[in-house]
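Subject: Structure for you to look at

Hi,

Here is the structure I said I would pass on.

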Amino acid sequence: MKNRPTTLLLLLPAALLVGLLFVLPILGVLSLSVYGDSGFTLGPIRELVGSRVSLVVLERTFWQALTVSVICVVLGYPAAFFMSGLSTKLRAYLVYLILLPFWISILVRTYTWIIILGREGIINRTLAAFGFSPVQILYTDLAVRIAMVQILLPIVVLTCLASMLDIDKGLVKTARSLGATPTQAFVKVFLPLSLSGAATGGIICFILCLGFYVTPALLGGRRSILISNLIDIQVHQSLNWGFAAALATALLIITLACLALFRLLTRGRTEFSSLGVGR
Amino acid sequence: MVVNGAAIEFKKVRKTYGNFVALESFSMNVAAGEFMTLLGPSGSGKTTALNSLAGFTDITSGDILIDGVSIARVPTEKRNIGMVFQNYSLFPHRNVLGNVAFPLEMRGVGRAEIRKRSLKALEIVRLGGLAERMPHELSGGQKQRVAFARAIVFEPRVLLMDEPLGALDLKLREAMQLEIKQYQQQIGCTVIYVTHDQGEALTLSDRLAVMDKGLIRQLGTPQDLYDRPNSRFVAEFIGLNNIIKISGSKHDGAIVDGLGVIRFPSEIQPSQGYLSVRPEHIRRTPTGGHPAIVRQAVFLGDAVRYVVETRNGAELTLAEPRSGENSSLDPGSEIAISFEENRLIHLPE
Ligand SMILES: Nc1ncnc2c1ncn2[C@@H]1O[C@H](COP(=O)(O)OP(=O)(O)O)[C@@H](O)[C@H]1O
Ligand SMILES: [Mg+2]
């Protein structure tokens, strides 16, 4: 990379945009958590640490994000693997299909789940037809989780697929010629080389989960709200901006901490060297 | 380590992709411990032939035998064939030692043994000091050596190499050729080597097969193919050659374009096809011969190569060894040339 002033200049528009529209507002919000009407204060932070509700919601948000990401990777990786073996044409059709849900608003997709999971919904009616008693899925963490997986799965599939298509298929053949069975070739060559893609997908998924708002608001009960919903309540109902800012700060710190942890765990693993966060 | 090479037999192997024929009645016997080369232009089916032996390609018909046993139903990983690929194909997530150890790991060899044998293989290719390096930290020549070490570490009886030196520069390529040949002679494994470089093929091979469009055009020792090419294709592919059309015959010789009547060393004089003669088998003569004018003189160090034109318009290249201090002829000089009669070859096609 050349670092001449002229090439740095090319970075300027993007840097300005990010600076003005992203970094400044964030700093503003973050500062709200330590600056009140009467100057510097630790009030909101003290309030946060003392608030059982906030801690429970934070923990729940973290758990939801983790489980949803793991489920997405577990479901998405094999799907991507299957797609990586198809002909280019067939694969293109499948990618269209996978992207199809993005044409429909998240709101609509979320409401659809109410029809499926509700008390009079498809699942419960089917159960009733077989003589089972209805189950409560809607307005639980499970409903939120199911809908989040549905929304995020395409992203994980496509991230995994991109990294798999980058793998030189000749390497698997090479492994076979060197004495590896098809399973061994997968485990020893393909899997390690596609792991970074799976990890990237998982991390993107995790970070997106932390910010989910509509889904928990519509499908979760009062006991399944996530941090975004709590922040919303603080801003719109309690009008407690300082507390909302403290929650946002906590969310940001958790996100960064998770990235740092991942970086630590994969340090020196060459599988992740292509991933910015791996080294 | 010494292994007994395996004998390999291709029996009328045919491979088609849709309507396209990549390999046609490909038959070839490779003796145990022999160094066989497949030589041919790009797209002539060399890789297809290697891949069908290695198990990457299912052949359409025919059979391949190793030591007399058909490998049709033997999966790739059980064929025990070492293979070196043109693009090296090193595992990017494993270091040099990890790459070389791979075949041994797959065979369930014990840890200590793996390390010992892998390091020994690296010793052979003189890369002992680089065991911990990652592939992307290696030069092209070093990658090539790692790929070679990985292909021989499990002591396969057959070693396949698909243009292994294609990506290296000339000097390195020549050095590696010698090393490959030395290694093969020491170990005794059977080698099938693919190249499109005729010089490399002549240097390395016990025998070579010249391929074109999925067919073997000629198979023989380097000397056979150099001295007695059976077709214009082979004659042009191997070494420098003068090839001139024959347009008829008389009782005492063939009528060759631009040269007149030329007598072949055979009983019956050909009436069509081509005359082929190597540059080193054309001489300058003080008397008689065919008058010609020097068009170009190229100084080659130990020899001078002249491009001359005969009075009737045939263009010929001749090579003359340099002896003493004599300077080469200037373009425009008038000379007379004659052929070493028993080195004249008739190419039917
Ligand atoms: N998978 C394939 N599908 C269709 N054609 C192929 C395939 N593999 C090779 N070919 C064709 O077969 C011919 C021989 O290929 P190859 O054996 O790789 O030639 P070489 O190694 O001599 O350059 C080429 O014309 C190539 O285009
Ligand atoms: Mg090839």
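To start with something you can check by eye: which residue in β19(B) is the bridge partner of Ile293(B)? The partner turns out to be Glu334(B). Before you go further, please keep in mind that this is a predicted model.

**The sheet in chain B**

Put together, the strands make an open sheet of 5 in chain B, with antiparallel pairing and the order β15-β19-β16-β17-β18. At the edges you will find β15 (282-284) and β18 (315-321) of chain B, each of which pairs on one side only. From one strand to the next, the twist averages 45 degrees.

Is β19(B) largely enclosed or largely open? It is largely enclosed by the rest of the structure, because 5 of its 6 residues are buried. One thing to remember when you look at side chains here: in a regular strand they alternate between the two faces of the sheet.

**Arg60 in chain A**

Over in chain A, have a look at Arg60(A), which sits in helix α3 (residues 52-84). Arg60(A) is buried, yet it has no salt bridge. What is the nearest side chain of opposite charge? That is Asp141(A), 4.2 Å away, and a salt bridge would need the charged atoms within 4 Å.

Arg60(A) does have a polar neighbour in the backbone: the oxygen of Ile225(A) lies 2.7 Å from a polar atom of the Arg60(A) side chain. Leaving aside residues up to four places away in sequence, Arg60(A) touches Asp141(A), Arg223(A), Ser224(A), Ile225(A) and Leu226(A).

**Leu42 in chain A**

Last stop: Leu42(A), in the loop between β2 (39-40) and α2 (43-50) of chain A. Its relative accessibility is 40%, so Leu42(A) counts as partly exposed. Along the chain Leu42(A) and Ala246(A) are 204 residues apart, while their C-alpha atoms are separated by 9.7 Å.

Happy to go through any of this with you.

Cheers

How values were computed: Residues numbered from 1 in each chain as written. Chains lettered and ligands numbered in written order. Predicted model: local features only at pLDDT ≥ 70, side-chain atom pairs only at ≥ 80, totals over all residues. Heavy atoms only, no water. Helix = DSSP H or I, 4+ residues; strand = E, 2+ residues; numbered from the N terminus. Buried < 20%, exposed > 50% of the residue type's maximum accessible area, 1.4 Å probe, protein only. Pairing = 2+ DSSP bridges. Axes fitted to C-alpha atoms, helices over the stretch in contact; angles between N-to-C directions. Lys, Arg positive; Asp, Glu negative; His and termini not counted. Polar contact = N/O pair within 3.5 Å; in protein donor to acceptor, adjacent residues only side chain to side chain. Contact = heavy atoms within 4.5 Å.
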